[in-house]
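I want to look at its pockets first, then at its strands.

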Amino acid sequence: AATPALAQEPDELPGSFRRLLRRGAIAAVFEPTYVTADKAQIRPEAWILGVVIEGQPRAYSLSLLNQHEVVNDTIGDTPFAAVW
């Protein structure tokens, strides 16, 4: 089977936009592991991104998301991306 060609990034960006990193330069998290809140070692005043699907909560540290920007995850049969 042929491999599809990757989409090329445009040579020019609109307006005053600047490209700081090439597309895909920050690695996403594909298989996150979890700990309970009491073992997470996150400061009480730290910001998190939270989601609840099918009654199951997940929390993603913004410190982690500042390094990875995307966590690809699944709850039950529902795949989703936590993006920062």
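How do the residues of the lining of the largest pocket divide into nonpolar, polar and charged? I counted 12 nonpolar, 4 polar and 1 charged. Nonpolar here covers Ala, Val, Leu, Ile, Met, Phe, Trp, Tyr, Cys and Pro; charged covers Asp, Glu, Lys and Arg; the others, Gly among them, are polar.

I note that this is a predicted model, where local features need pLDDT of at least 70, side-chain atom pairs count only at pLDDT 80 or more, and totals for chains, interfaces and linings use all residues. Residues are numbered from 1 along each chain as its sequence is written, and side-chain values use heavy atoms, without hydrogens and water.

**Largest pocket.** I read a volume of about 440 Å³. It has 17 lining residues, and Tyr34, Val35, Ala40, Ile42 and Ala59 are the closest to its centre. A pocket is an open set of points on a 1 Å grid where a 1.4 Å probe fits, with protein on both sides within 12 Å along at least five of seven lines; lining residues have an atom within 4 Å of a point. Volume is the space filled by probe spheres set on the points, joined across faces, edges and corners.

**Strands.** Strand 2 (residues 56–61) gives the most to this lining, 5 residues. Strands are DSSP runs of E, at least two residues, numbered from the N terminus. Strand 1 (residues 48–53) pairs with strand 2 in the antiparallel sense over 6 bridges; pairing takes at least two DSSP bridges. I found Arg58 of strand 2 as the bridge partner of Val51. Their hairpin has 2 residues between the strands, and Glu54 takes a positive phi near 50° there.

Terms used: Helix = DSSP H or I, 4+ residues; strand = E, 2+ residues; numbered from the N terminus.
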